[in-house]
Amino acid sequence: KTTNDSVKTMYVRCDSLYNQICPNNSTIFSEPERLPQFPGGEDELIAFLIKNIEYPSECKEQRIQERVIVKFIIDESGKIICPFICRSIHPALDKEALRIVALMPDWKPASNKNMPCMSCFTLPILFKLPNTN
């Protein structure tokens, strides 16, 4: 499981990769006027991750701990589309990170000029084993 200070959200620029993996005629904003928001805000996002992450047993046994970074688009209706692993650590951790993203409820979408818009979101998910000292 993760701790509150182990998961931070950050927004980064969308890159041309999304034009290849998620072709769409809509503009994807990298810096919208109002950023997308998880229902209830960042604290609720952290609580959601803590509650739902299931550490893969093979990674526990091998004591693999690291941050997997997932990038996705939040569309105009708040749905998550085109999730993609930006930083892979282990296939089982990548799979778990994508599973968690798929479980997320709809977000409050980003907006530009008071109109909902598509935007990128980058989410680091830290897989950390509890200390056994």
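This is a predicted model: local features need pLDDT of at least 70, side-chain atom pairs count only at pLDDT 80 or more; totals for chains, interfaces and linings use all residues.
Local features require pLDDT of at least 70 and side-chain atom pairs count only at pLDDT 80 or more, whereas totals for chains, interfaces and linings use all residues. Residues are numbered from 1 along each chain as its sequence is written, and side-chain values use heavy atoms, with hydrogens and water left out.

Helix α2 spans residues 42–52; helices (H or I, at least four residues) and strands (E, at least two) are DSSP runs, numbered from the N terminus. Leu45, Ile46, Phe48, Leu49 and Asn52 of this helix are buried, where buried means under 20% relative accessible area, exposed over 50% and partly exposed in between (1.4 Å probe, protein chains only). An α-helix has 3.6 residues a turn, so residues three or four places apart point the same way. On the other side of α2, Asp43 and Lys51 are exposed. The buried residues pack against α4 (91–103) and β5 (115–127).

Strands β2 (residues 66–74) and β3 (residues 80–87) run antiparallel and are joined by five bridges; two strands pair if DSSP finds at least two bridges between them. Valine 70 has isoleucine 85 in β3 as its bridge partner. Five residues stand between the strands of this hairpin, in which glycine 78 takes a positive phi near 95 degrees.

Serine 111 belongs to strand β4 (residues 110–112). Serine 111 counts as buried because its relative accessibility is 7%. Leaving aside neighbours within four places in sequence, serine 111 is in contact (heavy atoms within 4.5 Å) with Pro32, Glu33, Arg34, Pro116 and Cys117.
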